[in-house]
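Open the model in your viewer and keep the selection tool at hand. The stops below say what to select and what is there.

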Amino acid sequence: MQKENRLIKHWQQVLQKLEQMRKQTGSPQPIQLIAVSKTFPAEDIATLYYAGQRNFGENYIQEFKDKTVILSDLPIIWHMIGHVQSNKSRIVAERAHWVHTIDREKIAQRLHEQRPPHLPALNVCIEINIAAEENKHGIAANSDAMFALATKISHLSRLKLRGLMCVAKAGSCDTELREQFMQMHSLLQQLNQAGFSADALSMGMSGDMGTAIACGATHVRIGSAIFGHRQYIK
Ligand SMILES: *Cc1c(COP(=O)(O)O)cnc(C)c1O
């Protein structure tokens, strides 16, 4: 009980912060909170679901699968925010509502082919490697690479291109964060100017959500500020 109350309290604090920040930016749209539940048990997700949270994000395919099975009675909106390997794409195509990490044509093609016909098109974001980090996934932060992948996605009827996603470089100062997030904002504008209709800018985590929102984030992915410190088993 105490653990549940603490979880709900932290979640409410994040919601309040988001609302404050939304007011500061003057944005009419509420910012979507994706609660990133990786490494935390399904019961924590259920607790927040019953408190009113609907969007949850997971990184690892096996963990995603297990939790979607356990929680299949709850109409949760599931976001895959981790890298999707081709040989594990089917489970994502069958169970996710959003995939934020499209960074190559092959994975888009597979998700399209594997998306069950009775489900609506899968919402996808193109992942941008915004600080050109060697160890990170995502396409290069230039409009040619983005237009090429966006064009491919637009030809796949079982996918719906919603926007762009990034993870800012760890250890960036506020000025560096702002540069990265403003570049994302600019890329999304270019996408829309080119005739794609993309409304989602998925950026901002527990440590940088304020800056991300100031730069136009529409979806923030918040883990530790809600669930607490993660302990990795692997
Ligand atoms: C883990 C993770 C998050 C959440 O990070 P926190 O710092 O715990 O808020 C967001 N996005 C991605 C892609 C992640 O892997």
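Select helix H6 (residues 143-154) and helix H7: they pack at an angle of about 50°, with their axes 11 Å apart. Axes here are lines fitted to C-alpha atoms over the stretch in contact, and angles run from 0 to 180 degrees between N-to-C directions. H6 and H7 are therefore oblique to each other, a class left over once angles under 35 degrees (roughly parallel), over 145 (roughly antiparallel) and 65 to 115 (roughly perpendicular) are taken out. Show side chains for Ser143, Met146, Phe147 and Ala150 of H6, and for Leu187, Gln190 and Leu191 of H7, which make the contact (heavy atoms within 4.5 Å).

This is a predicted model, in which local features need pLDDT of at least 70, side-chain atom pairs count only at pLDDT 80 or more, and totals for chains, interfaces and linings use all residues. Residues are numbered from 1 along each chain as its sequence is written, and side-chain values use heavy atoms, with hydrogens and water left out.

Next, select Leu164. Beyond its neighbours within four places in sequence, its contacts include Met146, Leu187 and Leu191.

Then move to helix H2 (residues 42-51), a DSSP run of H or I with at least four residues. Is H2 mostly covered or mostly open? Mostly covered: seven of its 10 residues are buried, meaning under 20% relative accessible area with a 1.4 Å probe, protein chains only. Among the buried ones are Asp44, Ile45 and Tyr49. Helix H1 (2-25) and helix H3 (61-70) are included in what covers them.

Conventions
Buried < 20%, exposed > 50% of the residue type's maximum accessible area, 1.4 Å probe, protein only. Helix = DSSP H or I, 4+ residues; strand = E, 2+ residues; numbered from the N terminus.
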